[in-house]
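I have kept to what can be followed residue by residue in the coordinates.

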Amino acid sequence: MRELTYTEAAREALGAEMERDPNIFVLGEGIGKRGGNFNTTTGFFERFGPRRLRDTPICERGFVGLCAGAAMTGTRPVVDFMFIDFILDSFGELANQIAKIQYMTSGRLKMPVVLRGCIGAGSGHATHHSGSYYSIFAHLPGFRVVVPTTPYDAKGLMTTSLRSDDPVLFLEHKSLLNTRGDVPEDDYTIPFGQARVCREGDDVTVVALGPMVSKTLAVCDELAAAGISVELIDPRSLAPLDSEAIFLSVSQTGRLLIIDEAFGPCGIGAEISAQIMERGFDQLDAPVRRLNGPHGPTPFSPPLESAAVPQPEQIAQAIRNLAAE
Amino acid sequence: MSVEIVMPRLGWTMDEGTLVEWLKKEGETVAVGEILFIVESDKAVNEVESFDGGILHIPDGAPGPGATVAVGTMLGYLLEPGEQAPVAAPSSTPSDEPPPQPALQSPPAAAPSRGGEPDPAHSRSSAESPLLKSARVKPAISPRARRLAGELGVDWTQLSGSGRSGRITEDDVRAASTTADSASEAVNGSSDEAAIERTRLSPVRRVIADRMSQSSRDNATVTLTAEIDATRMVELRGRCPAPKPGYTDVFVRLAALALADHPVLNASLDDGHVLLHRSIHVGIAVDTDAGLLVPVIRDADRKSLEKIREEAAALAARAREGQLRPDDLRGGTFTITNLGMHGVDAFTPIINPPQSAVLGIGRIAMRPVVRDGQVVARYTAILSLTFDHRLVDGGPAARFLAALREAAEALRP
């Protein structure tokens, strides 16, 4: 099968859906002729024209509010934030309007807005450009939150997001953008709330997010040689969350570790831990553990930044510790 | 801020301890690092030092000297000057409390407040809360293990856990279930309950059981036996002034010297590495009423026979009185066990992990021996050397045994 990068895969899905559905348009800073800071819309300005690729000034609250209105009139906006950190400037429009409008109209109005942008530390962009805020959005009713980790998932989940009538946070980790993988040319979707078991094992269930998936995979063989068999799960979407898949895995292993570079307190790991405890208390053979980045702004200094993100050696240690509980 | 003083865990296998005595009095000021009280654990008597400073407060009804309580049981508080003793939250359902575990000996002072008329003025006092608290202490068990224990019919309250902080895990329950199955099969022929006396393992017995099963599970053991001529040893001992050294003492010295030349017998296996111990610390198996204890003669290769005799006698006495300190039992690199006094000629001793060898000494007796074509009567003994073949091959073990025999036969009175 042909290989694409993560960015190419997501772009292919966006292009194909824009061909299919004329109601889809993209707006954001530098997404027109420039083709997007992260090449999310390269070539699209020529392909779809200025009516469907709307460059905006730096006014997140303004253009997100505009999208709320546009969606209510029947179009399907895609907001490209580049660095998703700046979605926070539009938080009122999102939390108070976009997330609520379908409930308030008993579903008569739809809110098909895709909010995409890059998350994550590890590329020297300092604290204003390194956040992973998915837990905030997974906390609020009304949003779909997806965090694809492979090019295959990027294409399939982008297609699903663009066909969804609900607001979707499509979050792309910067360290994954240039990773390559098999991507079918055909059109396909991946349902929200369907986790992927990346590796099967018996002793410890690891739920890893974004780049933590490949970092964990990298230590699984070494751990297997030491007698610890890891089952690795990539939830792919956080809202809805496939707690069924995690529960089934924990029913086998009895042990759960959640690895997430985002902040621990009130984070997605806390939510997964609580759901598994509530549902699978009798399945647990050890306390649920979390491995997170430290609870502080991401440093700019590369060595400090590297220390602020779980690395393979810490991941291996956390798994060994849990196996020894 | 008050600091709780609790029964400490002084070894991985300790789950209860006896408060022997307080070395500080109620109201006395305690400095960090001062010895606060003495605890007798499963194998040793320990002085417990205070990690915090403060004024000692021992609540009425706290476990007193002589009480055996679970690890973690509150014994008292360290308070700041002028601070009131904390009042424990009242138990929500005190009447539903399970009876105290058999190991818990409530001091008599606390007993009336549970059954008799409660004194309203003290009904919420902290006096009995440590006891209620400790009565609730059960071995920790994971939810999964507890569910499984129910399914398999395993009484998990009798298990010791292999998880962190002694938590009982799924594996522990499965192992117990397997053992129980085979045990019940074994006694199936005599199902008459009255024919069996069932008592709980003592702490010492449990440690011995764990270590012996570890030894037989993990070690690849081979036992070599050799008969030695002990005539000179008997003569040497006969000429020693009283108090005379025991034959075990002589073998401790001879073995220590031989170990210096055969370091692989003075070694342990640790996670893919061989640890050759530069020091030679010889453990001596001592039979006590409580069970087998193995106090250690440190640097036995550098001690005279007289010094070894003196130390071994003191250790054996402390072992029989239950007064051994943890340091007396730690760090052995080789073990000697002598069953000769019980008329045993030869046996297959079991290695004391993580050591790699153990020497068993059989009965020294006059036996017919062929010397220069003549049958003559000599004192002889059979030495039994068990070694761990994972670490030691037959050749080196045999050479060590031969060296020991030659040294014993070359003794000069």
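Contact, in what follows, means heavy atoms within 4.5 Å. The model is a predicted one.

1. I begin with Glu305(A), which is found in helix α11 (residues 302-307) of chain A. Leaving aside neighbours within four places in sequence, Glu305(A) is in contact with Ala121(A), Gly122(A), Ser123(A), Gly124(A), His125(A), Ser130(A), Thr298(A) and Pro299(A). Glu305(A) has a relative accessible area of 5% and is therefore buried, the cut-off being under 20%. Val288(A), by comparison, is 17 residues from Glu305(A) in sequence and 26 Å from it in space, C-alpha to C-alpha.

2. Once the neighbours within four places in sequence are left aside, Ser243(A) is in contact with Gln275(A), Ile276(A) and Arg279(A).

3. Helix α12 (residues 312-323) of chain A has 12 residues, and the distance from its first C-alpha to its last is 16 Å, close to the 16 Å expected at 1.5 Å a residue. Within α12(A), the residues Ile315(A), Ala316(A), Ala318(A), Ile319(A) and Leu322(A) are buried. Because these residues cover an arc of only 160 degrees around the axis, they are on the same side of α12(A). The elements that cover the buried residues of α12(A) include β10 (204-208), α8 (212-225), β11 (230-234), β13 (256-263) and β14 (289-293) of chain A.

4. In helix α4 (residues 91-98) of chain A, the buried residues include Glu93(A), Leu94(A), Ala95(A) and Ile98(A). Among the elements that cover the buried residues of α4(A) are α3 (60-72), α5 (101-104), β5 (114-119) and α6 (134-139) of chain A.

5. Turning to chain B, there are 10 helices and 19 strands, and 41% of its 413 residues count as buried. Of the contacts in chain B between residues at least 6 apart in sequence, 62% join residues at least 24 apart. The chain is divided into domain 1 (3-135), domain 2 (138-182) and domain 3 (205-409), with the C-alpha centres of domain 2 of chain B and domain 3 of chain B lying 37 Å apart.

6. Strand β17 (residues 357-361) of chain B deserves a careful look, since 5 of its 5 residues are buried. Both faces of β17(B) are covered, with Ala357(B), Leu359(B) and Ile361(B) buried on one side and Val358(B) and Gly360(B) buried on the other. Strand β16 (residues 334-338) of chain B pairs with β17(B) in the parallel sense over 4 bridges, whereas strand β19 (residues 374-388) of chain B runs antiparallel to β17(B) and is joined to it by 5 bridges. Ile361(B) in β17(B) can be followed in both directions: Asn338(B) stands opposite Ile361(B), and the bridge partner of Ile361(B) in β19(B) is Leu383(B).

7. Finally, the largest nonpolar core has 50 residues, and those with the most contacts inside it are Phe334(B), Ile336(B) and Leu385(B). Helix α7 (residues 247-261) of chain B supplies the largest share of this core, namely 8 residues. A second, separate core has 47 residues, including Ala99(A), Val113(A), Val145(A) and Ala245(A). In soluble globular proteins, nonpolar side chains tend to be buried together.

How values were computed:
Residues are numbered from 1 along each chain as its sequence is written. Chains are lettered from A and ligands numbered from 1 in the order in which they are written. This is a predicted model: local features need pLDDT of at least 70, side-chain atom pairs count only at pLDDT 80 or more; totals for chains, interfaces and linings use all residues. Side-chain values use heavy atoms; hydrogens and water are left out. Domain bounds come from an automatic or database domain assignment. A nonpolar core is a set of buried Ala, Val, Leu, Ile, Met, Phe, Trp, Tyr and Cys residues joined through side-chain atoms within 4.5 Å. Buried means under 20% relative accessible area, exposed over 50%, partly exposed in between (1.4 Å probe, protein chains only). Helices (H or I, at least four residues) and strands (E, at least two) are DSSP runs, numbered from the N terminus. Two strands pair if DSSP finds at least two bridges between them. The expected span of a helix is 1.5 Å times one less than its number of residues. The arc is that of the directions from the helix axis to the C-beta atoms.
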